[in-house]
Amino acid sequence: MSRELVRFPIKNSNSNSFIEGNLAIPDNPIGIVVFVHGSGSSKNSKRNQLVSEKLNKNKIATLLFALLSDEEQAFDSQVEKMTSKIPGVVLNKFNLSLLTKRLSMVTDWVLSNPHTEKLQLSFFASSTGGAAALMTACQYNIASIVIRSGRTDLVPNQFLDQIVSPCLFIVGSREKSFVKINKGTMKKMRNSKEKKLTIVEGASHLYEEEGTLQKVAEIATQWISQHFTLRINTNSIDKQP
């Protein structure tokens with residue numbers, strides 16, 4: 001298993017900043033999963049780290065990174081603490097154009113990096129990262145997408161029509177609003193090759209209940225592994241004389 005801290009430079013009007021990611025590559029990987037953290041979550045999210053470790057044990061490489069820089073996350077925190085809202089201000093974590101641009105930048109890096117360029121690629125997303133993952137998937141050949149408690153209602157309908165990647169939506173049984181949101185999204189994804197909603201019994205939004213996060217890791221790993229293997233087998237058949 002090789003591990004590496006990678007940095008992605010970003011430019012804004014104030015300074016040259018960056019976002020960071022943790023890249024883990026097991027021996028003989030069958031694919032790579034890019035984690036798309038939502039709502040300003042960092043690459044150090046304990047929930048996503050648990051899922052990443054499960055994937056690594058199943059020969060799947062992972063890249064955990066923060067969609068937002070430290071400065072951007074600090075800005076969001078400052079605005080949220082204000083008692084009165086600032087007219088016209090959109091929090092970075094809800095700026096889908098920004099989040100999609102960041103994910104596209106990281107995806108391009110994965111597809112050109114010598115250690116990952118030949119690997120099949122999947123997304124594991126959560127919260128507003130789920131919306132960014134669906135929008136970004138319209139531009140790339142993504143093997144599959146897993147979205148845990150995603151704000152997929154933020155995705156414009158024209159993007160949902162373009163999604164062809166197999167998509168798995170994971171929602172806790174206590175997240176009634178997210179169950180409704182994800183069901184509505186699935187109905188609009190008319191061209192997706194495969195779409196499925198899995199409800200984790202007893203789970204709330206943060207999956208803090210005993211065993212619920214482990215269940216998410218198992219479900220996600222099975223789905224992602226299945227679609228990586230399916231693609232590998234299909235490519236092998238296509239290459240036969």
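This is a predicted model: local features need pLDDT of at least 70, side-chain atom pairs count only at pLDDT 80 or more; totals for chains, interfaces and linings use all residues.
Trainee: How many residues does the largest nonpolar core have?

Mentor: The residues with the most contacts inside this core include Val 34, Leu 63, Phe 123 and Ile 145. A second, separate core has 22 residues, among them Leu 64, Leu 168, Ala 203 and Ala 217. The size asked for, that of the largest core, is 41 residues.

Trainee: Leaving aside neighbours within four places in sequence, which serine is in contact with Phe 123?

Mentor: Phe 123 is one of the residues with the most contacts inside the largest core. Its contacts, apart from those sequence neighbours, include Val 33, Leu 103, Ala 133 and Ile 142. The list also holds Thr 107 and Thr 136, and the serine in it is Ser 144.

Trainee: Which residue forms a salt bridge with Glu 20?

Mentor: A search of the whole structure finds 5 salt bridges. In the one formed by Glu 20, the closest N and O atoms are 2.9 Å apart. Glu 20 lies in strand β2 (residues 16-25) and its partner in strand β1 (residues 2-11), so the pair ties together parts that are 13 residues apart in sequence. The partner is Arg 7.

Trainee: Is Glu 20 buried or exposed?

Mentor: Buried means under 20% relative accessible area, and exposed means over 50%. Arg 7, at 52%, therefore counts as exposed. Glu 20 has a relative accessible area of 17%, so Glu 20 is buried.

Trainee: How many residues apart are Arg 190 and Asp 161?

Mentor: The side chains of Arg 190 and Asp 161 meet in a salt bridge, at 2.7 Å from N to O. Arg 190 is in the loop between α6 (176-188) and β8 (195-200), while Asp 161 is in the loop between α5 (157-160) and β7 (167-172). Arg 190 counts as exposed at 59% relative accessibility, and Asp 161 as partly exposed at 27%. The pair links distant parts of the chain, 29 residues apart.

Trainee: Which side chain meets that of Arg 174 in a salt bridge?

Mentor: Arg 174 is exposed, with a relative accessible area of 55%. The N to O distance in its salt bridge is 3.5 Å. Arg 174 is in the loop between β7 and α6, and the other residue, 35 residues apart from it, is in the loop between β8 and α7. That residue is Glu 209.

Trainee: How far apart in space are Ile 232 and Arg 190, C-alpha to C-alpha?

Mentor: Ile 232 has its place in helix α7 (residues 212-239) and counts as partly exposed at 33% relative accessibility. In sequence, Ile 232 and Arg 190 are 42 residues apart. In space, their C-alpha to C-alpha distance is 25 Å.

Methods
Residues are numbered from 1 along each chain as its sequence is written. Side-chain values use heavy atoms; hydrogens and water are left out. A nonpolar core is a set of buried Ala, Val, Leu, Ile, Met, Phe, Trp, Tyr and Cys residues joined through side-chain atoms within 4.5 Å. Buried means under 20% relative accessible area, exposed over 50%, partly exposed in between (1.4 Å probe, protein chains only). Contact means heavy atoms within 4.5 Å. Helices (H or I, at least four residues) and strands (E, at least two) are DSSP runs, numbered from the N terminus. A salt bridge is a side-chain nitrogen of Lys or Arg within 4 Å of a carboxyl oxygen of Asp or Glu.
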